[in-house]
Amino acid sequence: MTDTDEALVARVTAGGDRRAFAMLVSRHQGVVRGLLARLTGGAPEADDLAQETFVQAWRRIETYRGQGSFRPWLCQIAYSRFLMGLRREKSRQRLLDAAAREPAELASSPGQPGSRVDLDRALAMLGDDERHCVVLCYAAGLSHSDAASITGLPLGTVKSHVTRGRARLKDWFDRQESAA
Amino acid sequence: MTRPDERFDEDLRSLFAAASPGPDPAFTAGVLTALPRAPWLRPAILALAGLLGVLIAGFQLPELVLAMDMIAGGLGVAAIDTMGAQALAMGIVAVGLAAVTLVLFRRGNLTW
């Protein structure tokens, strides 16, 4: 029988059980790494941020009260690491540069629909808040209210960001399909 | 031609899922290596290493004194006459340990 997240967290909190924490890392690394990869536009430092996220989670594990699932708590840490990384390494500028280059790249290579690069290109078309909300809800599979508490935005704003972002992505992918 | 909203929702979720990396044991190992150690572990290891050093030096001291008696000549004899063989041996051991500690600190193997 596999342990629940809460049982593993209890083992980590009680005795610093590294094996239990390794199981949590294995279980959630896909979501955290995927979330950070999409937030950073596929930047290579995404995995460094993911590692920092788990180290921070280890340090702050006592603050996890078991209210709600472990994943939103972890995503909250990942999102704040992302914002810190953004400030620290001026990733925003790189992301904007990538977005500015995007039409030229599209013209030279149509891209395979559904590829990771394609997804990052599509996400680069969205505004920051839209992109963050869409990625939190679709990449991490969080609810709108979880995304609202993580980003600090009102629930209604998150809902409209997700709806608008999703519509713009749909439009982008439809145009890609028509062009192909 | 555009696709229906429900299908796009599923497609989008699949796209994000496909773009997320799977479990990677190397990543997990990297995280575990980066985790901070218990705060008492380093001082405990250093204290145990120190005690072990003292123990070994204590066992070896008589032989060390004899060896120094045999090796020493000139100034060595004068130093032994002045300080006493045992004190001189302990002094040399202390200087050696201090030098090793200093080298380890400078190399970054030992930190506070």
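Reply: The predictor's confidence in each residue, on a scale from 0 to 100, is called pLDDT. What you see is a predicted model, in which local features need pLDDT of at least 70 and side-chain atom pairs count only at pLDDT 80 or more, while totals for chains, interfaces and linings use all residues. Residues are numbered from 1 along each chain as its sequence is written, and chains are lettered from A and ligands numbered from 1 in the order in which they are written.

Two residues are in contact if their C-beta atoms, placed from the backbone, lie within 7 Å. Where pLDDT is low, the predicted coordinates should not be read in detail. Chain B averages a pLDDT of 77, and 78% of the residues score at least 70.

Chain B has five helices and zero strands, where helices (H or I, at least four residues) and strands (E, at least two) are DSSP runs numbered from the N terminus. Of the 112 residues of chain B, 6% count as buried; a residue is buried if 20 or more other C-beta atoms lie within 10 Å of its own, exposed if 12 or fewer, and partly exposed in between, with C-beta atoms placed from the backbone.

At 1.5 Å a residue, its 23 residues should span 33 Å, and its end C-alpha atoms are 33 Å apart, which agrees; the expected span is 1.5 Å times one less than the number of residues. Because the number buried among the 23 residues of α5(B) is one, this helix lies largely in the open.

An unreviewed UniProt entry annotates residues 40-57 and 86-105 of chain B as "transmembrane region"; the positions are given in the numbering used here, feature names are shortened, and annotations may be inferred rather than shown by experiment. In the model, residues 40-57 of chain B are 94% helix and 0% strand, with end C-alpha atoms 26 Å apart, and residues 86-105 of chain B are 100% helix and 0% strand, with end C-alpha atoms 29 Å apart.

The close look ends where the two chains meet. Here 21 residues of chain B are in contact with 26 residues of chain A. On the side of chain B that touches chain A, α1 (5-19) and α2 (25-34) of chain B each supply at least two residues. The residues on that side divide into 14 nonpolar, five polar and two charged, where Ala, Val, Leu, Ile, Met, Phe, Trp, Tyr, Cys and Pro count as nonpolar, Asp, Glu, Lys and Arg as charged, and the others, Gly among them, as polar. For the model as a whole, the scores are ipTM 0.76 and pTM 0.65.
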